[in-house]
Amino acid sequence: MNGNKKQPLVPRLRFPEFREAGGWEEKTLGAVCDMQAGKFISASEISEKKIDGLYPCFGGNGLRGYCKTYNQSGRYSLIGRQGALCGNVNLVDGDFYATEHAVVTTPKAGISTGWLFYNLCLLNLNRFATGQAQPGLSVEVLEKVDCVVPKNKDEQQKIADCLSSLDDLIAAETQKLDTLKTHKKGLMQQLFPREGETVPRLRFPEFREAGEWEIKSLGTVCTVLQGYGFPETLQGRTEGQYPFCKVSDISRSVAENGGFLAKAANYVNANDLATLRAKLIPIGATVFAKIGEALRLNRRAFVQCECLIDNNAVGLKAVPGVANDYFIYLLSQLINLNDHCGGAVPSVNKSTLEAIEVVVPEVDEQEKIAASMSYHDELIRNQEKKLGILKIHKAGLMQQLFPVLNGEQA
């Protein structure tokens, strides 16, 4: 009989002073907090700009804008009940307006506001959404969601304080990353001439008397490299000699690796190159989408290993002795492809790219700019990696600090 006795629910990681405090209690969210949907407000009453006298306005996807009135005052967790981020949770403090697309949670006696926020985040509430065209969460459904609660509010607060301090660190590191990106953007604007000009506002001392940059066509400073069709029979191989990069791989490298493209979801081997009659994209090329909505995003990636790209992408490789690879990568970021595409489906072809006018200095000045900006990009990549590690650490810590309920994370 003892073998069938239900084991107490305890987290895998517990603060020393609570290790003998017994198991957590199984409850529903309705027993943990009161929930109430916000109130309707007309879109015409919401301003995008933060102006004195206006209050934050929160909807189903978080901050929606600012308005002249507020209907909540205090510190609450808001659950998005409709929209693209249905089930997301925001912790809001102060005077604010909650729209009908947000559920305001008020902790009941014995429940910590901070602990409730992290518990709600971990419950993955979007899985309880109903409806297909427009998934949504009702208060009635949310109230029935199971969770587990520490009996001691001090333990709740200890968990909340731990995770809150980690959030503060993540926020500080995010601010540092944003500052680095802003600095890079400003430096790029200084080191490259403005549109219609041929001399940058900031120049390295040894080039201040070097004269104007020269107007050239993109095709004279770099070679345009084409992609290849990727047969389904070759797709699905997750290891191999050469990454076969789709537009999604390019986008992922920008989002996760600072634009350095070194891996892909699919791989091919040397014998596949003959089948495809394909030439490899060399290290140092710049690659990007050439068709569809991905083109409009103007994302650029810098190739770190020999690879192939599919026929929805295109590459640029500096002409030796005329241009520097990293300079071309930087220069490409200043070209808005939306200005050079047409048709119902936006696209650019080889001849269009080759004809784009660019302004470039001599190779030695290009190399100096490339070295400087490469250093700044490395700082940004390192900061992104640091931030990513912190977020992974937080996710793992949350899973350790909360017990698993019915095979799912509480």
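Predicted model: local features only at pLDDT ≥ 70, side-chain atom pairs only at ≥ 80, totals over all residues.
Mentor: Residues are numbered from 1 along each chain as its sequence is written, and side-chain values use heavy atoms, with hydrogens and water left out.

Trainee: How many aromatic pairs does a search of the whole structure find?

Mentor: The search finds 15. Rings of Phe, Tyr and Trp (its six-membered ring) pair if their centres lie within 6.5 Å; planes under 30 degrees apart are stacked, over 60 edge-to-face, and the rest tilted.

Trainee: Why is the pair of Phe 117 and Tyr 118 called edge-to-face?

Mentor: Their ring centres are 4.9 Å apart and their planes stand at 65°, so the pair is edge-to-face. Both Phe 117 and Tyr 118 are buried.

Trainee: And what makes the pair of Phe 230 and Phe 244 stacked?

Mentor: Here the centres lie 3.7 Å apart and the planes are at 5°, so the label is stacked. Phe 230 is in the loop between strand S10 (222–226) and strand S11 (242–245), while Phe 244 is in strand S11, so the pair ties together parts 14 residues apart in sequence. Helices (H or I, at least four residues) and strands (E, at least two) are DSSP runs, numbered from the N terminus.

Trainee: Why does Phe 230 count as buried?

Mentor: Buried means under 20% relative accessible area, exposed over 50%, and partly exposed in between (1.4 Å probe, protein chains only). Phe 230 has 11% relative accessibility, so it counts as buried. Phe 244, at 0%, is buried too.

Trainee: What makes Asn 124 partly exposed, and Arg 277 exposed?

Mentor: Asn 124 has 46% relative accessibility, so it counts as partly exposed. Arg 277 has 77%, so it counts as exposed. Asn 124 lies in the loop between helix H2 (113–122) and helix H3 (139–143), and Arg 277 in the loop between helix H7 (270–276) and strand S14 (286–289). Asn 124 has a positive phi of about 50° although it is not a glycine; phi of Arg 277 is near 50°.

Trainee: How do you know that the charged end of Arg 300 sits over the ring of Phe 288?

Mentor: A charge sits over a ring if NZ of Lys or CZ of Arg is within 6 Å of the ring centre and within 35 degrees of the ring normal. The charged end of Arg 300 is 4.6 Å from the centre of the Phe 288 ring. Lys 158 lies over the face of Phe 15, at 5.5 Å from the ring centre.

Trainee: Why are helices H4 and H11 called roughly antiparallel?

Mentor: Angles under 35 degrees are roughly parallel, over 145 roughly antiparallel, 65 to 115 roughly perpendicular, and the rest oblique. The axes of H4 (residues 153–191) and H11 (residues 363–401) come within 10 Å and cross at roughly 165°. That makes H4 roughly antiparallel to H11. Axes are lines fitted to C-alpha atoms, for helices over the stretch in contact, with angles from 0 to 180 degrees between N-to-C directions.

Trainee: What makes H9 and H11 roughly perpendicular?

Mentor: Helix H9 (residues 325–333) packs against H11 at an angle of about 70°, with the axes 8 Å apart. H9 and H11 are therefore roughly perpendicular.
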